[in-house]
Structure formats: structure tokens, C-alpha cells
Amino acid sequence: MSSRVGIRFSQCARNLARASPFRRPHGRRYQTTEAAPTPPPQGTFQRLWNSPVGVKTVHFWAPVMKWALVLAGISDFYRPPEKLSLTQNLALTATGAIWTRWCFIIKPRNILLAAVNFFLGCVGVTQVTRILMWQQSVKAGTAVTETIEQDAKNAVQTLEGTAENPEARAKSAIQ
């Protein structure tokens with residue numbers, strides 16, 4: 001009986017020594033540098049289908065549909081600037097700028113969405129610039145129009161004075 005206790009004690013002590021936190025495990029000393037087995041190569045369509053931003057996700061279809069906004073903004077290039085809305089185009093510019101930055105922060109990073117938002121911002125900036133330039137030309141044109149109208153009134157008054165008393169006008173012009 002005493003030999004059994006000794007065997008049990010030695011087995012317990014050996015197991016405790018193996019689990020000791022100070023003892024270095026043998027498996028880590030000889031780690032391999034081989035790479036894990038690579039999965040079989042996938043075709044282009046299969047990679048697109050299984051991607052986190054692939055065809056079967058909203059990360060793909062939202063940017064595809066958002067290109068309609070970019071195309072609508074591009075079609076507005078042919079409209080006269082007085083018919084464009086400044087607030088609407090400012091909203092497009094802000095949306096493009098904010099969401100372009102956000103597309104690089106979110107996971108999975110969505111380059112397709114970032115591209116469409118970048119172009120949306122570019123279209124918005126172009127339209128806002130057109131509208132502001134038109135508004136400035138209208139203000140400058142109003143000042144020029146007022147000057148021309150004032151000169152025309154002065155000329156009319158001079159002509160009216162000449163028609164009423166041509167002899168006096170001729171004498172004052174000679175002197």
C-alpha cells in the first residue's frame with residue numbers, strides 16, 4: 001500500500017511541475033515558419049460574390065444607386081444657373097465631403113461608396129461655384145444698368161432743354 005501512495009504522489013508532483021507557470025513549454029521553442037495552408041484560388045466572380053462589400057450586400061448596391069445623384073448633377077451643368085438651387089447644391093457638397101471621409105472609417109472600408117461620394121462633392125462644388133458666380137454677375141450687372149439709366153436720364157434732360165430753348169443752349173455751348 002505504501003508503494004501506491006508514493007507512485008500517486010510522484011505522478012501528482014510531476015503533473016504540477018509540468019503546469020508550473022515558470023516552466024517554458026517545449027512547443028514554443030520550435031515554432032514553424034511555414035504559412036497556413038492557403039485556400040484554393042477563387043475566380044473573379046466568386047471573390048466579388050463572397051466579398052464583404054460584394055454584390056449580395058448593401059455596400060455594393062447603395063453606391064450603384066447613388067451614381068444617379070451624380071448623373072443628375074452632371075445633367076444640371078446644361079441648365080442656366082438662375083434655375084439651380086443653392087441650398088440643394090450645398091447639401092450635395094456637404095454630403096459628398098462628409099460621407100467620403102466616413103467611407104474610410106467604417107468597416108468594411110468601401111472604396112466604391114467613397115468614389116461616388118467624392119464625385120458627388122465635386123459636382124456640388126462645381127454647381128455652387130456656378131451659382132455664386134452668376135449671383136455676383138447679376139449684382140455687378142445691376143450696378144452697370146443703374147449707371148447707364150442715370151446717364152440716359154441726364155442726356156434726355158439735356159435734349160429737352162435744347163428743344164425748349166435752342167438759342168440759349170447754343171450760346172452757352174459756344175462760351
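**Entry 1. Lys66**

I located Lys66 in helix 4, which spans residues 58-75. Helices here are DSSP runs of H or I with at least four residues, strands are runs of E with at least two, and both are numbered from the N terminus. I note that the model is predicted: local features need pLDDT of at least 70, side-chain atom pairs count only at pLDDT 80 or more, and totals for chains, interfaces and linings use all residues. Residues are numbered from 1 along each chain as its sequence is written, and side-chain values use heavy atoms, with hydrogens and water left out.

Buried means under 20% relative accessible area, exposed over 50%, and partly exposed in between, with a 1.4 Å probe and protein chains only. A salt bridge requires a side-chain nitrogen of Lys or Arg within 4 Å of a carboxyl oxygen of Asp or Glu.

Beyond four places in sequence, I found Lys66 in contact (heavy atoms within 4.5 Å) with Thr95, Leu113, Val116, Asn117 and Leu120.

**Entry 2. Salt bridges**

How many salt bridges does the rule give? The count comes to 1. I identified the partners as Asp76 and Arg79, whose closest N and O atoms are 3.7 Å apart. Asp76 counts as buried at 19% relative accessibility, whereas Arg79 is partly exposed at 35%.

**Entry 3. The chain as a whole**

I recorded 7 helices and 0 strands for the protein chain; read along the sequence, the pattern is α-α-α-α-α-α-α. Of its 175 residues, 18% count as buried. Among contacts with a separation of 6 or more, 68% join residues 24 or more positions apart. The chain exposes about 14,000 Å², of which carbon and sulfur atoms supply 64%. Accessible areas were computed by the Shrake-Rupley method with a 1.4 Å probe; for residues, only the protein chains shown count as cover.

**Entry 4. Nonpolar core**

Which residues make up the largest nonpolar core? I listed 8 residues: Val70, Leu92, Cys103, Leu113, Ala114, Val116, Leu120 and Val123. Helix 6 gives the largest share, 5 residues. Such a core is a set of buried Ala, Val, Leu, Ile, Met, Phe, Trp, Tyr and Cys residues joined through side-chain atoms within 4.5 Å.

Val116, setting aside neighbours within four places in sequence, is in contact with Pro63, Lys66, Trp67 and Val70. Val123 lies 6.6 Å from Ile74, C-alpha to C-alpha, although the two are 49 residues apart in sequence. Ile74 belongs to helix 4 and counts as partly exposed at 35% relative accessibility.

**Entry 5. Asn89**

I placed Asn89 in helix 5. Is Asn89 buried or exposed? Asn89 is buried, with a relative accessible area of 4%. Not counting residues up to four places away, Asn89 touches Leu84, Gly124, Gln127, Val128 and Ile131. I also noted the C-alpha separation of Asn89 and Gly121, which is 9.1 Å for residues 32 apart along the chain.

**Entry 6. Aromatic rings**

A search of the whole structure gave me 3 aromatic pairs. Phe60 and Trp61 form one that is edge-to-face, at 4.9 Å centre to centre and 90 degrees between the planes. Phe118 and Phe119 have ring centres 5.6 Å apart and planes at 75 degrees, so this pair is edge-to-face. Rings of Phe, Tyr and Trp (its six-membered ring) pair if their centres lie within 6.5 Å; planes under 30 degrees apart count as stacked, over 60 as edge-to-face and the rest as tilted.

Trp61 is partly exposed at 40%, Phe118 is partly exposed at 45%, and Phe119 is partly exposed at 42%. Finally, I recorded that Trp67, Phe118 and Phe119 form one aromatic cluster.
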